[in-house]
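Dear colleague,

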Amino acid sequence: MTFSVRDLIAASGARFVLGDSRNCFEGVSIDTRSLRRGDLFFAIPGHRYDGHRYLREAMDCGASDFVIE
């Protein structure tokens, strides 16, 4: 199933910051080691790791879009 960034915004109440809200994705990832090209990357802050530190790596792996804090 394919979702658009617009779908995500409508479902979560998130604030859209930059890019094209018509972009679509099929998968999501919080870990760049399992990220597939075209996935949506969630940069989740945690106690040991902060996903925001991996935004460049996620971009290099082909993430289509990003959800950041």
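The notes below go through the core, one threonine, the aromatic pairs and the salt bridges in turn.

Please bear in mind throughout that this is a predicted model.

The largest nonpolar core is made up of five residues, namely Leu-35, Phe-41, Ala-43, Ala-58 and Ala-63. If neighbours within four places in sequence are left aside, Ala-63 is in contact with Leu-35, Phe-41 and Ala-58, and also with Asp-39.

Thr-32 deserves a paragraph of its own. Thr-32 sits in the loop between β3 (28-29) and β4 (40-42), and with a relative accessible area of 9% Thr-32 counts as buried, because the cut-off for that class is under 20%. The side chain of Thr-32 makes a polar contact, at 2.9 Å, with the side chain of Glu-57. Again leaving aside neighbours within four places in sequence, Thr-32 is in contact with Glu-57, Phe-41, Tyr-54, Ala-58 and Cys-61; of these, Phe-41 and Ala-58 are also listed in the largest nonpolar core.

Turning to the aromatic side chains, a search of the whole structure finds two aromatic pairs. In one of them, the ring centres of Phe-3 and Phe-25 are 6.3 Å apart and the planes of the rings are at 35°, so this pair is classed as tilted. Since Phe-3 belongs to strand β1 (residues 3-4) and Phe-25 to strand β2 (residues 24-25), the pair ties together parts that are 22 residues apart in sequence. Phe-3 is partly exposed, at a relative accessible area of 36%, whereas Phe-25 is buried, at 7%.

In the other pair, Phe-41 and Phe-66 have ring centres 6.4 Å apart and planes at 75°, so the arrangement is edge-to-face, the class for planes over 60 degrees apart. Phe-41 lies in strand β4 and Phe-66 in strand β5 (residues 65-67), so this pair ties together parts that are 25 residues apart in sequence. Here Phe-41 is buried, with a relative accessibility of 1%, while Phe-66 is partly exposed, with a relative accessible area of 31%.

That leaves the charged side chains. Side chains of opposite charge can pair when their charged atoms come close, and in this model the count comes to three salt bridges. Asp-20 forms a salt bridge with Arg-22, with the closest N and O atoms 3.0 Å apart; Asp-20 is partly exposed, at 29% relative accessible area, and Arg-22 is exposed, at 55%. Arg-33 forms another with Asp-31, where the closest N and O atoms are 2.7 Å apart, and in this case Arg-33 is exposed, with a relative accessible area of 75%, whereas Asp-31 is partly exposed, at 25%.

Which residue does Arg-36 meet in a salt bridge? The partner is Asp-39, at 3.7 Å from N to O. Arg-36 is exposed, with a relative accessible area of 54%, but Asp-39 is buried, at 4%, and Asp-39 is also one of the residues in contact with Ala-63.

With best wishes

Technical notes: Residues are numbered from 1 along each chain as its sequence is written. This is a predicted model: local features need pLDDT of at least 70, side-chain atom pairs count only at pLDDT 80 or more; totals for chains, interfaces and linings use all residues. Side-chain values use heavy atoms; hydrogens and water are left out. A nonpolar core is a set of buried Ala, Val, Leu, Ile, Met, Phe, Trp, Tyr and Cys residues joined through side-chain atoms within 4.5 Å. Buried means under 20% relative accessible area, exposed over 50%, partly exposed in between (1.4 Å probe, protein chains only). Contact means heavy atoms within 4.5 Å. Helices (H or I, at least four residues) and strands (E, at least two) are DSSP runs, numbered from the N terminus. A polar contact is a pair of N or O atoms within 3.5 Å; within protein, one must be able to donate a hydrogen and the other to accept it, and residues adjacent in sequence count only if both atoms are side-chain atoms. Rings of Phe, Tyr and Trp (its six-membered ring) pair if their centres lie within 6.5 Å; planes under 30 degrees apart count as stacked, over 60 as edge-to-face and the rest as tilted. A salt bridge is a side-chain nitrogen of Lys or Arg within 4 Å of a carboxyl oxygen of Asp or Glu.
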